[in-house]
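Look at the model below with its sequence beside it.

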Amino acid sequence: RGKALQPLFKVSYSCSKVGDPRPGHPYKGGNFCAFLPHNKEGLKTAKLLKKAFECGLTFQIKSCNGEERVTWGLIPHKTSWDGGKDRNGYPDAQYLHEVSTVL
């Protein structure tokens with residue numbers, strides 16, 4: 001296994017805004033970790049993911065059992081270095097191509 005980039009996102013507790021499931025209600029944040037290979041394509045993808053994060057596209061707020069919480073948005077992220085595609089991990093030969101297409 002080669003070197004990996006490991007972006008970590010920390011999302012604080014806050015209040016939801018217009019367009020979220022319950023605007024004005026507090027939501028629970030969390031720590032979110034993703035994995036990218038440390039190579040040319042992985043670095044390019046990391047830049048695109050950073051831009052998506054800055055535009056507010058990385059996460060969404062969902063209601064679960066009456067509680068609002070932050071979850072991953074529609075952009076696919078690898079949350080494990082192994083386990084394969086079925087477990088949001090590697091190996092997944094198409095991931096970098098797929099995520100670049102989404103971004």
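Cys-33 is partly exposed, with a relative accessible area of 23%. Cys-55 is exposed, at 52%. The cut-offs are simple: buried means under 20% relative accessible area, exposed means over 50%, and partly exposed lies in between, using a 1.4 Å probe on protein chains only. How many disulfides are there? The count comes to 0. A disulfide here is a pair of cysteine sulfur atoms within 2.5 Å.

This is a predicted model, where local features need pLDDT of at least 70, side-chain atom pairs count only at pLDDT 80 or more, and totals for chains, interfaces and linings use all residues. Residues are numbered from 1 along each chain as its sequence is written, and side-chain values use heavy atoms, with hydrogens and water left out.

**The chain**

The chain has 2 helices and 8 strands. Both are DSSP runs numbered from the N terminus: helices are H or I with at least four residues, strands are E with at least two. Along the sequence the pattern reads β-β-β-β-β-β-α-β-β-α. Of the 103 residues in the chain, 32% are buried.

Strand β4 (residues 26-28) contains Lys-28. Lys-28 is partly exposed, with a relative accessible area of 29%. Lys-28 and Glu-67 are 39 residues apart in sequence, yet 7.8 Å apart in space, C-alpha to C-alpha.

**Aromatic rings**

The whole structure holds 7 aromatic pairs. Rings of Phe, Tyr and Trp (its six-membered ring) pair if their centres lie within 6.5 Å; planes under 30 degrees apart count as stacked, over 60 as edge-to-face and the rest as tilted. Two of the pairs are set out here.

| Pair | Centre to centre | Angle between planes | Type |
|---|---|---|---|
| Phe-32 and Trp-72 | 5.4 Å | 75 degrees | edge-to-face |
| Phe-35 and Trp-81 | 6.3 Å | 50 degrees | tilted |

Take the edge-to-face pair of Phe-32 and Trp-72. Phe-32 sits in strand β5 (residues 30-33) and Trp-72 in strand β8 (residues 67-72), so the pair links distant parts of the chain, 40 residues apart. Phe-32 is buried, with a relative accessible area of 11%. Trp-72 is partly exposed, at 21%. Phe-32 and Trp-72 also belong to one aromatic cluster with Phe-53 and Phe-59.

Now take the tilted pair of Phe-35 and Trp-81. Phe-35 lies in the loop between β5 and β6 (36-37), and Trp-81 in the loop between β8 and α2 (95-102), so the pair ties together parts 46 residues apart in sequence. Both residues, Phe-35 and Trp-81, are buried. For Phe-35 the relative accessibility is 15%.

One ring also meets a charge. Lys-78 lies over the face of Tyr-90, at 5.9 Å from the ring centre. The rule asks for NZ of Lys or CZ of Arg within 6 Å of the ring centre and within 35 degrees of the ring normal.

**The loop between β8 and α2**

Pro-91 lies in this loop. A cis peptide bond joins Tyr-90 and Pro-91, with omega about 5 degrees.

Asn-88 lies in the loop between β8 and α2 as well. Phi of Asn-88 is near 55 degrees, a positive value in a residue other than glycine. Asn-88 counts as partly exposed, at 41% relative accessibility. The C-alpha atoms of Asn-88 and Phe-35 are separated by 9.7 Å, although the two are 53 residues apart along the chain.

**The second largest pocket**

Rolling a probe the size of a water molecule over the atoms shows where empty space is left. A pocket is an open set of points on a 1 Å grid over the protein atoms alone, where a 1.4 Å probe fits, with protein on both sides within 12 Å along at least five of seven lines; lining residues have an atom within 4 Å of a point. Grid points are joined across faces, edges and corners, and a volume is the space filled by probe spheres set on the points.

About 160 Å³ of space lies in the second largest pocket. Its lining includes Trp-72, Lys-78 and Asn-88. By class, the lining has 4 nonpolar, 4 polar and 4 charged residues. Ala, Val, Leu, Ile, Met, Phe, Trp, Tyr, Cys and Pro count as nonpolar, Asp, Glu, Lys and Arg as charged, and the others, Gly among them, as polar.
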